[in-house]
Amino acid sequence: MKKILVLSFTLFSLSLFAQLGTTAPWMEPFNSSNRTTEPTFQEIVDSFEAYWEDRDETIKGSGYKPFKRWESLYENYLNDDGTVMSHKQLWDVWMQINASSRAAQTDDSDWYNIGPLTHTNTGSWSSGQGRVNAFAVDPSNSNVQYVGAPAGGIWKSIDAGASWEPLTDHLPQIGVSGIAIDPTDTNIIYIATGDDDAGDSSSIGVMKSTDGGLTWNTTGLNESNTPDSMNEIYLDPANENILWVATSNGVYKTTDAGVTWVNKINGEFDDLKVKPGSSDVLYAADA
């Protein structure tokens, strides 16, 4: 059995297959309502290999490469029975490590960027040094900006982007795909975690900071009940206690600043927008 903390999370349940999609054809054998046990990692891999035995995996958008990324990562997260460890299991391991003497060790490293600092645009979708999933500007100070990375957490600039500081290095590796700033108190920030594009990291829910990103706390949508991925998160312009977040399992809403969340509509949503001037109207793009 392998139990390696690579500072990432995934959730497996009978209703949600992390990183794979609920409608992936190789997952059909496990979607039966009569099934009472979770599929093992090996069962999923075997089903995938059988599906692709006589198909062309080079077709763009087929799902072959994302699965292979999932396979290479999550083979390290197995329980004794061969199933994949859940978000909560991995979060609990992280909390144990964080509370141990190792967490109190001083970081004396002195890392700095040696490049590459430039790149040649080849026309490829992947040219450059990395991806950014989300960007937000402090509504009271345009020099204060935030970006969310697929697996590098959230970063903050106080000089309009000239320099950046990571805000989540004290947490396990997380992705950030949505950022919302409370306009009535810009020290209050919400992040929708996980990578909603390529699955480089899984969600651990919506996290909240009340001190401008110095510290972060879980909300009612957390490692115990989070969908696998999240993207856009919005505050109601008329009420800072109301937020919506689009996820792979529906659009969730809170009316108490993140304490509790309700799934308002089921489905796999890639985007969410609030109609300007009317927060009673929302637009959600289903995947």
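Which residues does E223 touch, not counting residues up to four places away in sequence? This is a predicted model, in which local features need pLDDT of at least 70 and side-chain atom pairs count only at pLDDT 80 or more, while totals for chains, interfaces and linings use all residues. Residues are numbered from 1 along each chain as its sequence is written, and side-chain values use heavy atoms, with hydrogens and water left out.

View 1. Helices (H or I, at least four residues) and strands (E, at least two) are DSSP runs, numbered from the N terminus. E223 touches H87, K88, W91, I204 and T218, where contact means heavy atoms within 4.5 Å. With a relative accessible area of 10%, E223 is buried; buried means under 20% relative accessible area, exposed over 50%, and partly exposed in between (1.4 Å probe, protein chains only). From C-alpha to C-alpha, E223 is 8.5 Å from S86, although the two are 137 residues apart in sequence.

**View 2. The two sides of helix α3 (residues 87–99).** H87, L90, W91 and W94 of α3 are buried. These four cover an arc of only 100° around the axis, which puts them on the same side of α3; the arc is that of the directions from the helix axis to the C-beta atoms. An α-helix has 3.6 residues a turn, so residues three or four places apart point the same way. The buried residues of α3 pack against β7 (206–209) and β8, whereas Q96 and A99 are exposed on the other side of the helix.

**View 3. The salt bridge between R131 and D200.** The side chains of R131 and D200 meet at 2.9 Å, N to O, a salt bridge being a side-chain nitrogen of Lys or Arg within 4 Å of a carboxyl oxygen of Asp or Glu. R131 lies in the loop between α3 and β1 (134–137) and D200 in the loop between β6 (189–193) and β7, so the pair ties together parts that are 69 residues apart in sequence. R131 is partly exposed at 27% relative accessibility, and D200 is partly exposed at 36%.

**View 4. The salt bridge between K273 and E232.** In this pair the closest N and O atoms are 3.7 Å apart. K273 belongs to strand β13 (residues 269–274) and E232 to strand β9, so the bridge ties together parts that are 41 residues apart in sequence. K273 also forms a salt bridge with D271, with the closest N and O atoms 2.9 Å apart.

Notes:
Expected span 1.5 Å × (residues − 1).
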